[in-house]
Amino acid sequence: MKSLFTCVALVPLLGSTGCGVGPGNNPGEDAAIDAESADAARFDAPGSSDAAPPLPNTGSLAFDGTDDRVEVPGAESLRSFTALTIEAWAKPTGDVAGESAILGKTYDGSNWELGLFRRPDGAAELDWSCGGFCGYFLTSGTNAFPVDQWTHIAGTWSPAGATLYVNGNQVATGTGGVSSLANTLNVFLIGAAELDGAPARFWRGGIDEVRIWSVVRTQAQIQANMRSTLVGD
(Lines give C-alpha, C1' and ligand atoms only; values in the text may rest on other atoms or scores of the structure.)
Protein backbone atom coordinates (compact mmCIF):
# COMPACT_ATOMS: atom_id res chain seq x y z
CA MET A 1 0.00 0.00 0.00
CA LYS A 2 1.59 3.24 -1.12
CA SER A 3 0.32 5.26 1.83
CA LEU A 4 2.33 3.18 4.31
CA PHE A 5 5.54 4.94 5.32
CA THR A 6 6.74 2.68 8.11
CA CYS A 7 5.39 -0.25 10.05
CA VAL A 8 7.46 -1.82 12.80
CA ALA A 9 6.32 -5.32 13.69
CA LEU A 10 8.25 -5.80 16.92
CA VAL A 11 9.42 -9.37 17.32
CA PRO A 12 12.27 -10.54 19.55
CA LEU A 13 15.55 -8.87 18.51
CA LEU A 14 13.64 -6.98 15.80
CA GLY A 15 13.81 -9.94 13.44
CA SER A 16 12.57 -9.54 9.91
CA THR A 17 8.81 -9.82 9.52
CA GLY A 18 8.38 -8.63 5.96
CA CYS A 19 7.32 -5.15 7.04
CA GLY A 20 8.93 -2.32 8.94
CA VAL A 21 12.14 -0.91 10.29
CA GLY A 22 14.66 -3.43 11.55
CA PRO A 23 18.04 -4.96 10.78
CA GLY A 24 17.94 -6.32 7.25
CA ASN A 25 14.29 -5.39 6.96
CA ASN A 26 14.17 -1.92 5.42
CA PRO A 27 17.08 -0.98 3.12
CA GLY A 28 18.61 2.33 4.04
CA GLU A 29 16.78 2.76 7.33
CA ASP A 30 18.07 0.54 10.14
CA ALA A 31 16.82 0.48 13.70
CA ALA A 32 19.19 0.40 16.68
CA ILE A 33 18.40 -1.23 20.00
CA ASP A 34 20.45 -1.06 23.18
CA ALA A 35 22.04 -4.12 24.77
CA GLU A 36 19.38 -4.53 27.44
CA SER A 37 16.58 -4.50 24.87
CA ALA A 38 18.43 -6.96 22.66
CA ASP A 39 18.12 -9.54 25.43
CA ALA A 40 14.47 -8.71 26.13
CA ALA A 41 12.12 -11.58 26.79
CA ARG A 42 9.35 -12.43 24.38
CA PHE A 43 5.84 -11.40 25.35
CA ASP A 44 2.61 -13.09 24.34
CA ALA A 45 0.90 -11.75 21.24
CA PRO A 46 -1.45 -8.79 21.72
CA GLY A 47 -4.90 -10.04 22.55
CA SER A 48 -3.83 -13.57 23.49
CA SER A 49 -4.47 -12.89 27.17
CA ASP A 50 -7.84 -11.27 26.44
CA ALA A 51 -11.13 -12.51 25.02
CA ALA A 52 -10.52 -11.02 21.57
CA PRO A 53 -8.64 -13.04 18.91
CA PRO A 54 -4.85 -12.59 18.96
CA LEU A 55 -2.70 -11.29 16.17
CA PRO A 56 -1.33 -14.27 14.22
CA ASN A 57 2.36 -15.21 14.28
CA THR A 58 3.56 -12.22 16.22
CA GLY A 59 5.66 -11.40 19.27
CA SER A 60 6.73 -8.23 20.98
CA LEU A 61 9.61 -6.56 22.74
CA ALA A 62 9.75 -6.30 26.53
CA PHE A 63 10.98 -3.01 28.01
CA ASP A 64 12.28 -2.74 31.59
CA GLY A 65 11.11 0.80 32.38
CA THR A 66 14.67 1.86 33.19
CA ASP A 67 16.66 2.36 29.99
CA ASP A 68 15.35 0.01 27.28
CA ARG A 69 14.30 1.57 23.99
CA VAL A 70 14.42 1.14 20.24
CA GLU A 71 16.16 4.00 18.45
CA VAL A 72 15.25 4.63 14.81
CA PRO A 73 17.71 7.13 13.27
CA GLY A 74 16.35 10.25 11.60
CA ALA A 75 14.91 9.46 8.18
CA GLU A 76 13.11 11.32 5.41
CA SER A 77 10.22 8.86 5.74
CA LEU A 78 9.71 10.06 9.34
CA ARG A 79 9.50 13.81 8.70
CA SER A 80 7.35 16.52 7.13
CA PHE A 81 3.95 14.91 7.58
CA THR A 82 0.86 16.73 6.34
CA ALA A 83 -1.28 13.82 7.53
CA LEU A 84 -0.44 11.09 10.01
CA THR A 85 -1.66 7.98 11.79
CA ILE A 86 0.41 6.34 14.53
CA GLU A 87 -0.66 3.17 16.29
CA ALA A 88 0.66 0.34 18.46
CA TRP A 89 -0.28 -2.45 20.83
CA ALA A 90 1.10 -1.92 24.33
CA LYS A 91 0.95 -3.78 27.63
CA PRO A 92 2.17 -1.92 30.73
CA THR A 93 3.31 -4.31 33.46
CA GLY A 94 3.54 -1.76 36.24
CA ASP A 95 2.91 1.89 36.97
CA VAL A 96 5.82 4.27 36.65
CA ALA A 97 6.26 7.81 37.92
CA GLY A 98 4.97 10.32 35.40
CA GLU A 99 4.08 9.55 31.79
CA SER A 100 5.53 6.54 30.00
CA ALA A 101 6.08 6.55 26.26
CA ILE A 102 5.04 3.98 23.70
CA LEU A 103 6.78 6.06 21.05
CA GLY A 104 8.04 9.58 20.67
CA LYS A 105 9.94 12.03 18.46
CA THR A 106 10.93 15.45 19.76
CA TYR A 107 11.70 18.81 18.18
CA ASP A 108 14.50 20.06 20.43
CA GLY A 109 14.70 17.57 23.26
CA SER A 110 11.64 18.82 25.13
CA ASN A 111 8.93 19.82 22.64
CA TRP A 112 7.09 16.94 20.99
CA GLU A 113 6.89 16.38 17.26
CA LEU A 114 4.65 13.37 17.86
CA GLY A 115 4.10 10.74 20.52
CA LEU A 116 1.85 8.15 22.16
CA PHE A 117 1.93 7.93 25.96
CA ARG A 118 0.30 6.39 29.02
CA ARG A 119 -0.43 8.79 31.86
CA PRO A 120 -0.11 7.80 35.55
CA ASP A 121 -3.92 7.71 35.86
CA GLY A 122 -4.14 5.06 33.12
CA ALA A 123 -5.21 7.46 30.37
CA ALA A 124 -3.85 7.20 26.84
CA GLU A 125 -2.37 10.36 25.32
CA LEU A 126 -1.57 11.58 21.80
CA ASP A 127 0.91 14.50 21.55
CA TRP A 128 1.92 16.55 18.52
CA SER A 129 3.65 19.85 17.89
CA CYS A 130 5.40 22.06 15.35
CA GLY A 131 8.20 22.61 17.84
CA GLY A 132 8.88 25.64 19.99
CA PHE A 133 5.85 26.54 22.10
CA CYS A 134 3.02 25.22 19.91
CA GLY A 135 2.17 21.90 21.50
CA TYR A 136 -1.11 20.00 21.46
CA PHE A 137 -2.41 16.79 23.03
CA LEU A 138 -5.49 14.60 23.43
CA THR A 139 -6.17 12.22 26.31
CA SER A 140 -8.64 9.43 26.98
CA GLY A 141 -10.57 8.88 30.18
CA THR A 142 -8.71 7.52 33.19
CA ASN A 143 -8.13 3.77 33.46
CA ALA A 144 -8.64 3.33 29.70
CA PHE A 145 -5.14 1.83 29.52
CA PRO A 146 -5.01 -0.82 32.30
CA VAL A 147 -1.90 -2.53 33.64
CA ASP A 148 -1.19 -6.14 32.59
CA GLN A 149 -3.47 -6.00 29.59
CA TRP A 150 -2.77 -5.47 25.88
CA THR A 151 -4.38 -2.25 24.63
CA HIS A 152 -4.37 -0.86 21.10
CA ILE A 153 -3.71 2.88 20.89
CA ALA A 154 -4.00 4.92 17.69
CA GLY A 155 -3.80 8.61 16.95
CA THR A 156 -4.53 10.48 13.74
CA TRP A 157 -3.60 14.02 12.80
CA SER A 158 -4.00 16.46 9.91
CA PRO A 159 -4.28 20.26 9.83
CA ALA A 160 -8.06 19.73 9.95
CA GLY A 161 -8.02 17.89 13.28
CA ALA A 162 -6.76 15.05 15.46
CA THR A 163 -8.40 11.94 16.94
CA LEU A 164 -7.36 9.45 19.61
CA TYR A 165 -8.58 5.83 19.60
CA VAL A 166 -8.38 3.15 22.30
CA ASN A 167 -9.02 -0.42 21.10
CA GLY A 168 -10.49 1.01 17.91
CA ASN A 169 -12.96 3.26 19.75
CA GLN A 170 -12.81 7.04 19.37
CA VAL A 171 -12.15 8.62 22.76
CA ALA A 172 -11.09 12.21 21.97
CA THR A 173 -10.95 14.72 19.12
CA GLY A 174 -9.36 18.14 18.74
CA THR A 175 -7.95 20.77 16.43
CA GLY A 176 -5.01 19.95 14.17
CA GLY A 177 -3.37 23.21 15.19
CA VAL A 178 -0.46 23.27 12.72
CA SER A 179 0.11 22.78 8.98
CA SER A 180 2.77 20.05 9.18
CA LEU A 181 4.54 17.78 11.68
CA ALA A 182 7.95 16.28 12.34
CA ASN A 183 10.08 18.62 10.26
CA THR A 184 13.40 17.41 11.70
CA LEU A 185 15.61 14.35 11.26
CA ASN A 186 15.71 13.71 15.01
CA VAL A 187 15.73 10.17 16.35
CA PHE A 188 12.41 8.31 16.66
CA LEU A 189 12.12 6.28 19.86
CA ILE A 190 9.99 3.27 20.74
CA GLY A 191 9.63 2.56 24.46
CA ALA A 192 10.87 6.04 25.41
CA ALA A 193 10.69 9.72 24.53
CA GLU A 194 13.37 12.37 24.92
CA LEU A 195 13.28 14.91 27.72
CA ASP A 196 15.87 17.71 27.83
CA GLY A 197 17.82 16.01 25.04
CA ALA A 198 18.08 12.53 26.57
CA PRO A 199 15.87 9.39 26.45
CA ALA A 200 13.33 9.38 29.27
CA ARG A 201 9.75 8.33 30.07
CA PHE A 202 10.81 4.69 29.65
CA TRP A 203 8.12 2.06 29.04
CA ARG A 204 7.74 -0.94 31.38
CA GLY A 205 6.04 -3.81 29.59
CA GLY A 206 5.48 -4.96 26.02
CA ILE A 207 5.09 -3.07 22.74
CA ASP A 208 4.17 -4.57 19.39
CA GLU A 209 3.02 -3.63 15.87
CA VAL A 210 4.12 0.01 15.81
CA ARG A 211 2.75 1.55 12.60
CA ILE A 212 3.24 4.99 11.10
CA TRP A 213 1.14 6.08 8.13
CA SER A 214 1.32 9.21 5.96
CA VAL A 215 -2.48 9.42 5.80
CA VAL A 216 -5.33 9.78 8.26
CA ARG A 217 -6.68 6.27 8.70
CA THR A 218 -10.41 6.04 9.31
CA GLN A 219 -11.87 4.38 12.37
CA ALA A 220 -13.13 1.55 10.15
CA GLN A 221 -9.63 1.01 8.72
CA ILE A 222 -8.05 1.00 12.17
CA GLN A 223 -10.61 -1.49 13.47
CA ALA A 224 -10.28 -3.73 10.41
CA ASN A 225 -6.48 -4.02 10.63
CA MET A 226 -5.51 -3.58 14.28
CA ARG A 227 -5.45 -7.35 14.91
CA SER A 228 -3.79 -8.23 11.60
CA THR A 229 -0.05 -8.39 10.96
CA LEU A 230 0.84 -6.19 7.99
CA VAL A 231 2.98 -7.49 5.14
CA GLY A 232 4.65 -5.58 2.33
CA ASP A 233 7.48 -3.11 1.89
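Reply: A salt bridge is a side-chain nitrogen of Lys or Arg within 4 Å of a carboxyl oxygen of Asp or Glu. Side chains of opposite charge can pair when their charged atoms come close. This is a predicted model, in which local features need pLDDT of at least 70 and side-chain atom pairs count only at pLDDT 80 or more, while totals for chains, interfaces and linings use all residues. Residues are numbered from 1 along each chain as its sequence is written, and side-chain values use heavy atoms, with hydrogens and water left out.

Me: How many salt bridges does the rule give?

Reply: The count is six. One of them joins Glu 125 to Arg 119, with the closest N and O atoms 2.8 Å apart.

Me: Which residue forms a salt bridge with Glu 113, and are the two buried or exposed?

Reply: Buried means under 20% relative accessible area, exposed over 50%, and partly exposed in between (1.4 Å probe, protein chains only). The partner of Glu 113 is Lys 105, at 2.4 Å between the closest N and O atoms. Both residues are buried.

Me: What does the side chain of Thr 106 make a polar contact with?

Reply: A polar contact is a pair of N or O atoms within 3.5 Å; within protein, one must be able to donate a hydrogen and the other to accept it, and residues adjacent in sequence count only if both atoms are side-chain atoms. For Thr 106, the partner is the side chain of Glu 194, at 3.2 Å. Thr 106 is buried, at 2% relative accessibility.

Me: Where is Ala 172 found, and which residue is its bridge partner?

Reply: Strands (E, at least two residues) are DSSP runs, numbered from the N terminus. Two strands pair if DSSP finds at least two bridges between them. Ala 172 is in β12, residues 169-174, and its bridge partner is Leu 164. Strand β11, residues 161-166, pairs with β12 in the antiparallel sense over five bridges. The two strands form a hairpin with two residues between them, and Asn 167 in the turn has a positive phi of about 55 degrees. Ala 172 is buried, since its relative accessible area is 14%.

Terms used: Helices (H or I, at least four residues) and strands (E, at least two) are DSSP runs, numbered from the N terminus.
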